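Open the model in your viewer and keep the selection panel at hand. The stops below take you from one selection to the next, with a short account of what is there.

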Amino acid sequence: MRSAYLDASGRPLVAVTGLGVVTSLGRGKADNWSRLTVGQSGIHRITRFPTEGLRTTIAGTVDDLFDRSFAAPELSEKLALIAAEEAVAQSGLGRPGDFPGPLFMAVPPVELEWVQKQELAASSNGDVTYQALLADAARHRHTDYHAMFLFGSVADHIADHFGTKGSPISLSTACSSGATAIQMGVEAIRRGDTEAALCIGTDGSVQAESLIRFSLLSALSTQNDPPTAASKPFSKNRDGFVMGEGGAALVLESYESARRRGAAILGFVLGCGEKGDGFHRTRSSPDGRPAIVAMQQALADAGLKPDQIDYVNAHGTSTPENDKMEAMSCTAVFGERMGRLPISSNKSMVGHTLTAAGAVEAVFSLLTIAHGRIPPTINYREPDPNIPLDVVPNVARDAAVRRVISNSFGFGGQNTCLVFADSPA
Amino acid sequence: MTREVVITGIGLLSSLGEGVGPHIEAADGARAPVIDMASFAPYPVHPLGAVEYDRQIPKKSDQRQMEPWQRIGVYAAGLALDSAGIKSDAEAKDRMHVIVAAGGGERDHAVDGQILTGLKTAADPGVFLNERLLSDLRPTLFLAQLSNLLAGNISIVHGVTGPSRTFMGEEQAGVDAIRIAHARIAAGQADMILVGGSYNAERRDMMLLFELGGVMLTGDVTPTFSRGARHGGMVTGSVGAFLVLEAADSAGARGATAQARLDSVAADRTRRNPGDITRALTAMAGPLTGSPLVVSASSGVAACVAEEKAALEAIAPGAGIMAMGDLAGHAVEAAFPASVALAAALLQAGRGTQAVVTGVGHHRGEGLARLSRA
C-alpha cells in the first residue's frame, strides 16, 4: 500500500464515495440541498395520529411513503432503503444485491405498538391483561408481528436487499447513533477488515407514544404556531427540539480502493472522537468536558489543529440546555476564534431526526464542503446573549469550506464527533 | 497490528446466583437449575433470586431510575469490574470502552392493560390514548426503556466513561458485541473494553413478542439439545453477563490476571436455508486440535438445535455440549456473553485447555468464539 493512501498514523484513509438522504424536506440530495440552502423548514402539523390534548402537535415527519397504516420499523426500513439506494448507486460499488462490505446501521429501538396490541386484545372479554394477549398470541395468527418487532429485523432486510457482507450491526447510541454507525465503518476500514462499508442512520418513529414520552421529559418545543418557526437553535426563545424523521446513508471506502477503481471521491472522514458522560441520564456535565474531549479527540484522530476547521455542523437541538452546553464546549475547543467560526444547525429545518441525525448531518456536512455553501440556522430572530456565535443566521452563506466537524450528543451520556474534509491532508 | 486478547474480568448474575462459583457448580452438575413453572405458566422461567442491588448500585435513586433489565446489567457489569480489579481505578475507567448488547422497552404491564381495556369502548380511541399516555406514563420510564441507557447507567453508576456503543438485534447483538470488542482490541483501537448484556426474563411483554413467533417452549423443560419440532422453543432466564476484555500486554502491564484467552470471535448471518447453520458454524470454527470444552448459547428453538448439534459433532467429535440455557435459561442478548463467560470460568477452573462457544439466534445470526486457557 502506498503511503498516499494512509493517514499520518499509518492507517488507511477513509473516503466517501456515496451519499443518500431523505428527510421532511424531500427525497434525495438535490431536493434536500436546494431547500436547506434557501432556509426552508420541513416541520409541519402532525396528521399521522390525533394530536388532541398534546402540548406538541408538530414534527418533521416523512409522509406519503405508504398508502396504508404502518409501524415505525416499516417506515424506518423504507427511509433507510431510499437513502441507501441513492448512496450505493452513486458509489458504483459492487453489483446490485452484492455490496462488498458490512452494514453498520443506526436504528431506533422498536416494540409492539398499540395497533398490534389492540388486535391481540380483541378476543379478550373484560379487562385486558398480558395473560390475555399471550393467550391470543399462542394461536399464532400473527406470526408476522414477531419478525417485524425484533430489533435486528430492519438491518436484516437492508442487508438482504443490498447483499452486504457478514453480520449486520444494528446499533443505538440515542441521538448520536447515526454518527456511531459512520464511526464503526471507519474503524472497520482502518482495521483492514474491509475495503468498504455501508453506514446508515434511519428513524421513522414519530408516533403518539414516542412524542408523549419526549414531551413528558419536557424535551420538545411547544411553540406549535407556526410549525416552521418552532425549531430555533441558539435563539434566546428556544424551548425544545422538534421531532423529525429521516434516513441517510454513506458508502465509506478505503481511499486506495476508491482510487483504484476510479470512483468519484465525495470527501473523507478524517477523524472520529467519542467520550462518555457519567453525569446524568439526560443532562450533560455542567463543565462540558465530555463534549470538549469528544471534539478534541476527533481533531486529534484527524491529525488536525482546531484552527484548521472551517465550519461546525452543530448538534444544535434547540433545547435550552444542549445549545448552551454546545456553545460553551465549542468555545473551549476553538478559543476566541469561535466567535468568527461559522456554526449552524440543520435541525432548525429538518428537526431532530434522532437516531438518523448523525448520519443526516454527515451528508449535509459533506454537501456543505462540496458546494462551498453553508446552510443557515433558521428562525434566528432573538439572539441569546449567552451564545455569542456566528450561527449563520437565517440565510445560507457562500464560503470555502474544506474541513467540518459534526457534533452528535445523546441521552445516556453519548458524545460523538466526526471530522469531514475535501482532501486527506 | 494483531494483539492477543484476554479476559481479565467476569461478571455473572443469574438464577444460579452471582459470580462464577455457582455457575461452575451448575456446569459440574453440582447445582440444580432454578426453574419457576408457575409464575408465568405455561412458560417456564429461570427467575433471578433476591439480589442485594445496593452492593453494586449504592444509590437508591439510581436503582429507582432503572427497570430490572438495566439493574441486572449494571450489577453484572460491577461484578466484572471487581473481578478485573479495576473498580477503584478511576483513570482506567475514564478511558475504558463499553459495548452493550441490549434489548429494552420494559412495559408498564398494568398501564398497558388498562389502556387496552379502555380503548375497546373509547368513543375516540386516538384521543383516549393520548389522554391516558399523558397521565399514566411515568416520565422516567422512557429512560428505563431506552436501549442505550444500560450503557448510560453503567457510566453513571460505575464511572466507565470511554467510548460507549449499544448493539441491538437479539442474540446476535451479543455475538457482535464480543466480536467487535475483540477486533478493536486486537487491532490496537482500544486497550480495555467492558462488554456484555442483560436480560430480564420475568416479563410478559417479551414473552408476548416471542410467543407471536411461536418460539416459546411451554410445559415440561427438556434439555436444549433434545428439543425437537414437537417440543421445542425457548425457556428464558434472567441473566446479566459482562466481561472485561483487555490486550494481553496492557493487562500484563497493570499486573492483572488473565482468566482466559479469547482467541477468535466470528459471526455470520445466513439466510437460514437447510444446512446453512451447520455450514456457517463449521466454517467459523476452522481446524481444531485436541478436545475443546463446548458451551452453546442455543435458544432451544428446534430448527436451530438440530443444525447446531450437527455442526458441533463435526467440530468437536465426542465432546459433551453444555447448553448455557439448561443452566440459567436462554438470555437472548446476554446469551452469548454469558456462554463466553462460563467457558472462560471453566478454563480458569482447570476444566479444559480450550473451549468453543457457539451462538445461534432464534431467528437470525450465527456466531462462534474460541478460547484457551491463559
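Predicted model: local features only at pLDDT ≥ 70, side-chain atom pairs only at ≥ 80, totals over all residues.

**A loop in chain A**

Begin by selecting A:Phe234, which is found in the loop between helix 8 and strand 8 of chain A. A:Phe234 has a positive phi of about 70°, although it is not a glycine. Most residues other than glycine have a negative phi, and most peptide bonds are trans.

Stay in this loop, between helix 8 (208-216) and strand 8 (246-254) of chain A, and select A:Pro226, which also lies there. The peptide bond that leads from A:Asp225 to A:Pro226 is cis, with omega near -15°.

**The whole of chain A**

Now select chain A and colour it by secondary structure, which comes to 13 helices and 15 strands. The radius of gyration of chain A is 21 Å, close to the 22 Å that the globule rule gives for 425 residues, so this chain is as compact as a globular protein of that length. If you draw a box along the principal axes, the C-alpha atoms of chain A fill roughly 70 × 50 × 40 Å.

Next, show the side chains of A:Asp63 and A:Arg48, which meet in a salt bridge at 3.4 Å, N to O. This pair links distant parts of the chain, 15 residues apart: A:Asp63 is in the loop between strand 4 (58-59) and helix 2 (72-91), whereas A:Arg48 is in the loop between strand 3 (44-45) and strand 4 of chain A. Side chains of opposite charge can pair when their charged atoms come close. Over all chains, the count comes to 57 salt bridges.

**Chain B on its own**

Along its principal axes, the C-alpha trace of chain B spans about 70 × 50 × 40 Å.

Then zoom in on B:Pro42, in the loop between helix 1 (20-27) and strand 3 (45-46) of chain B. Here a cis peptide bond joins B:Ala41 and B:Pro42, with omega about 10°.

**Where the two chains meet**

Bring chain A back and select the residues of each chain that touch the other: 73 residues of chain B are in contact with 74 residues of chain A. The area buried between the two chains is about 6600 Å², of which carbon and sulfur atoms give 62%.

Which side chains meet in a salt bridge with a distance of 3.1 Å, N to O? Select A:Arg281 and B:Asp62, whose side chains form this contact. Between chain B and chain A the count is 13 salt bridges. Across the same interface, 40 residue pairs are in polar contact, with both residues at pLDDT 80 or more.

On the side of chain B that touches chain A, the elements that give two or more residues include helix 5 (109-121), helix 6 (125-136), helix 9 (170-186) and strand 9 (260-268) of chain B. By class, this side of chain B has 29 nonpolar, 26 polar and 18 charged residues.

For the last stop, select strand 6 (residues 169-171) of chain A together with strand 5 of chain B, which run antiparallel and are joined by two bridges. Within this pairing, A:Leu171 stands opposite B:Phe167 in strand 5 of chain B.

Note on methods. Residues numbered from 1 in each chain as written. Chains lettered and ligands numbered in written order. Heavy atoms only, no water. Contact = heavy atoms within 4.5 Å. Buried area = accessible area lost by both parts, 1.4 Å probe. Salt bridge = Lys/Arg side-chain N within 4 Å of Asp/Glu carboxyl O. Polar contact = N/O pair within 3.5 Å; in protein donor to acceptor, adjacent residues only side chain to side chain. Helix = DSSP H or I, 4+ residues; strand = E, 2+ residues; numbered from the N terminus. Nonpolar A, V, L, I, M, F, W, Y, C, P; charged D, E, K, R; others polar. Pairing = 2+ DSSP bridges. Rg over C-alpha atoms; globule rule 2.2 N^0.38 Å.
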